[in-house]
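Student: I have the sequence and the model open. Can you take me through the fold, one question at a time?

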Amino acid sequence: MKDQEILEIKKARAEITRASQYRDLDLIWWDTIGVAAEALDRLTPKKPIVETDDFDDRSVCCPHCIGPVTNYWAPGTKPKHCQFCGQALDWGEGAEG
Ligand SMILES: [Zn+2]
């Protein structure tokens, strides 16, 4: 993720925090703020998690939707986003297949 993108996300996050402090917002704005906050959350890279299935096979999974982002046949794959929900993934360290 580029520095400029990180800066934009931080700015947007600050705006969401500011907007959420207005107590008399219409309900529709709360929905909008919620959607925006969730979208920002998906754009912010998070470390994948390791899940073990019923057959004791380990899968590297999305931290948001727990969908498998790598599988037994492609353990070295490191996608930038979850194919199921779009969560940005951080492969910086650990959590490798
Ligand atoms: Zn996901």
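Tutor: Start with a definition: helices (H or I, at least four residues) and strands (E, at least two) are DSSP runs, numbered from the N terminus. This is a predicted model, where local features need pLDDT of at least 70, side-chain atom pairs count only at pLDDT 80 or more, and totals for chains, interfaces and linings use all residues. Residues are numbered from 1 along each chain as its sequence is written.

Student: Where is Asp56 found?
Tutor: Strand 1 covers residues 49-52 and strand 2 covers residues 58-61. Five residues lie between these strands in the hairpin. Asp56 sits in the loop between strand 1 and strand 2.

Student: How many bridges join strand 1 to strand 2?
Tutor: Two strands pair if DSSP finds at least two bridges between them. Thr52 has Arg58 of strand 2 as its bridge partner. The two strands run antiparallel, and the number of bridges joining them is four.

Student: Why does Ile66 count as partly exposed?
Tutor: Ile66 lies in the segment after strand 2. It is not a glycine either, and has a positive phi of about 65 degrees. Ile66 counts as partly exposed because its C-beta neighbours inside 10 Å number 14.

Student: What pattern does the protein chain follow along the sequence?
Tutor: Count the elements: the protein chain has two helices and two strands. Helix 1 spans residues 3-19, and helix 2 spans 27-43. Read along the sequence, the pattern is α-α-β-β.

Student: How many residues of helix 1 are buried?
Tutor: Helix 1 has 17 residues and reaches 24 Å from first C-alpha to last, close to the 24 Å expected at 1.5 Å a residue. That expected span is 1.5 Å times one less than the number of residues. Helix 1 is hardly covered, and its count of buried residues is zero.

Student: Which residues does Thr44 touch, leaving out those up to four places away in sequence?
Tutor: Thr44 lies in the loop between helix 2 and strand 1. With 15 C-beta neighbours inside 10 Å, Thr44 counts as partly exposed. Its C-alpha is 6.0 Å from that of Ala88, 44 residues apart along the chain. Contact means C-beta atoms, placed from the backbone, within 7 Å; by that rule Thr44 touches Ile9 and Ala88.

Student: How far apart are the C-alpha centres of domain 1 and domain 2?
Tutor: Domain bounds come from an automatic or database domain assignment. Here it gives domain 1 (1-43) and domain 2 (45-97). Their C-alpha centres lie apart by 26 Å.

Student: What radius of gyration does the protein chain have?
Tutor: The radius is taken over C-alpha atoms, and the globule rule is 2.2 Å times the number of residues to the power 0.38. The C-alpha trace spans about 50 × 30 × 20 Å along its principal axes. A compact globule of 97 residues would come near 13 Å, but the protein chain has 17 Å.

Terms used:
A residue is buried if 20 or more other C-beta atoms lie within 10 Å of its own, exposed if 12 or fewer, and partly exposed in between; C-beta atoms are placed from the backbone. Two residues are in contact if their C-beta atoms, placed from the backbone, lie within 7 Å.
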